[in-house]
Amino acid sequence: MKRIALLGMPNTGKSTLFNRISGASARVGNWPGITVDLMSAKILIGGHIAELIDLPGIYDLHGFSEDEQVVRRFLSNNAVDLVIVLLNSSQIDRQLSLVLQIKKLNIPAVLALNMADEAKQSGITIDTESLANDLHIPVLSISAKYGDGLPKALQAATQIINQNQTATDPKVISQLLQEDHQIEHEMEKLIQHHVQIPTTFTDNTTDKIDKVLLHKWFGLPIFFVAMFVLFQFIFTVGKPLQDGLAWALSLFRSGLLEPIFVSSPAWFSGLMLDGVYNGVATVAAFVPIIVLFFLVMSMVEDSGYLSRAAFLMDSLMAKMGLDGRGFVMMLMGFGCNVPALMGTRIMRSRPMRLLTMLVIPLSLCSARLQVFIFIITALFTAKHAPLVLFTLYVMSFLTMFLTAILFQGQYKNTEPFILELPPYRFPTLRQIILRGWHEVKHFLVRASKFIVIGVVLVWALTNFPSNVPPASAGTYAGQIGALFAPILDPLGINNQLAIALIFGFVAKEIVVGALAVIYGMQGDALMVHMATQIDWVQAMSFMLFTLIYTPCLSTIATLRSEAKSSAFMWLSIAWSLGLAWVVSFVFYQGARWLGY
Amino acid sequence: MQLLSQLKIGQNAIITAIEADEYLFHRLSALGFRVGKPLSIIRRANFNGPLHVRLGTTDVILRDTEATRIQINAEI
């Protein structure tokens, strides 16, 4: 099978072009020699089936960033029949370097010049024919966004593929890559001969928008308002979708599954319904949020606003070893940790990405909010309730900052902070939808197995041995709770609450339901009963522990699949458990010492 | 000798030298920072935040740490 690689600098619309050619068929895959995943798709080109690979966006084939190393290693380990180099036409004066670098490797190439419309607007003219003659490779103007010129570019690619040249041995490429050719002179000559660039260049629209959005004093408030609106959008649209999905899933359960398992032994129907099926339902509950999140994220990213957010937030974030883009993900974590973790993929430096991923699970997500509202209503007066909730949010931020500051030495970012500010652009609906689809697929493939197994495990812990009531002190969960009593007693967390914490490991949404099972009561009766069982200091300590100890199984599964490291997952779990214990201990003992 | 980090908002300048390690040098040159090239400062973020620099057709933001590696000749 022929192999075609897509190469270009960041912000040239490379992923858009990849999506346009491959459609929804793209999949994430592993490649020899590299540790990161690359998107690839099988496409039909000139009667051949070829594999199209979306390489990371890089500035320089000889650069030192992680992505640049990935591309080098990919080319040194995988034979490539053709490289399609995509450049932003308005920046051809500096991006041409990438084409010349590829040419030095003797890999057949096609040069696609994207965003010809933007170049035209700013008065840049490129003589593609004469440039092609000088470069000895086909040069075509295209629009990745709308597909203009794409058939011609693919035709040129087909011609090269049909010549059936044997691909250069990757070993040779590997050697060639070690030589850094001086191409500046060649580049300047080419630009002089074939490109006309006006001396003064300004993109007026972008400048005008930037004057407002990057304003010295209004920039940050506008950013926060924009984030809040997007956030509200995700969760006001997402909530009914999630509820509807939950309703459909429970209907499916009561209408179809329960009758099927009615005659099977209790343990088996429990395993299938409360274990496996609940696990599937847990996975499904995230689908609407992930789709909506990436719908919004791809708008923010493709429009060019994300780099602006980095500009606005950088002075604060740099002190914590993070950057402004990480802040957007941290904020999103307050809605749901899972898509926020997936969103960190925009950060190209691995240490910084890991640091951000360590911080996100500490954000008070909407599921934890449900637990807190229940407990606050049960144990605090209406006068105190807002203050308690506010304290929990403050604690969430504090633990996030603390984690970032403590671990920034461990995950030291070595990449220089130099970002391009692309002009504002409108993303197309197609791009946005494809992105949502790819992300959901990614989540389902990578995380669902882990989540289902975890849910089954917690079900088993809270339902066995079978001769005691579910979720009671006699179950394995109860025994584990009793085992940890010496550790949890100093926090004021009793055995019942400890069992609820074990449930909470799966998902915070089920904690309230778990308390209902544990105490054998529901709703108001449960609230009244809990108020007689624990006092406010215990409740606060329990809430602090719940906030910090571990987000949920889905977050952990995502953390593991995004970091590609179980060790990192364990570090995150151990750190948050430890931190939760210390915070709750200090609070509980301090409050008791003060006489509360 | 003047550094990019010392340039005032709205000022234009020509790059006279880039003194950076190989990593940073590669990145800077790929983004268009080359000796002899003109640039201008568009704005700076509050609280000593990053600089917004325009080079030809490219807008770039960079921190002070990186900006001190670039020597310039400011237009008066």
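Two strands are said to pair if DSSP finds at least two bridges between them. In this predicted model, chain A contains an open sheet of 7 strands with mixed pairing, in the order E2-E3-E4-E1-E5-E6-E8. Strand E2 (27-29) and strand E8 (139-141) of chain A stand at the edges; each has a single partner strand, so one side of each lacks a neighbour in the sheet. From one strand to the next, the twist averages 30°.

Strands of a sheet pair through backbone hydrogen bonds, either parallel or antiparallel. In chain A, strand E1 (residues 2-8) and strand E4 (residues 48-54) pair in the parallel sense over 5 bridges. Ala5(A) stands opposite Ile53(A) in E4(A).

## Helices across the sheet

Helix H3 (residues 92-103) of chain A lies across E1, strand E5 (82-88) and strand E6 (109-114) of chain A, and runs at about 170° to E5(A). Helix H6 (residues 150-162) of chain A lies across E1, strand E3 (38-45), E4, E5, E6 and E8 of chain A, and its direction is at about 170° to E6(A).

## The chain as a whole

The secondary structure of chain A comprises 26 helices and 10 strands. The radius of gyration of chain A is 28 Å, close to the 25 Å that the globule rule gives for 596 residues, so chain A is as compact as a globular protein of that length. Along the principal axes, the C-alpha atoms of chain A fill a box of roughly 85 × 60 × 40 Å.

Of the 596 residues of chain A, 46% count as buried. Among contacts in chain A between residues at least 6 apart in sequence, 74% join residues at least 24 apart.

How values were computed: Residues numbered from 1 in each chain as written. Chains lettered and ligands numbered in written order. Predicted model: local features only at pLDDT ≥ 70, side-chain atom pairs only at ≥ 80, totals over all residues. Helix = DSSP H or I, 4+ residues; strand = E, 2+ residues; numbered from the N terminus. Axes fitted to C-alpha atoms, helices over the stretch in contact; angles between N-to-C directions. Contact = placed C-beta atoms within 7 Å. Rg over C-alpha atoms; globule rule 2.2 N^0.38 Å. Buried ≥ 20, exposed ≤ 12 C-beta atoms within 10 Å, placed from the backbone.
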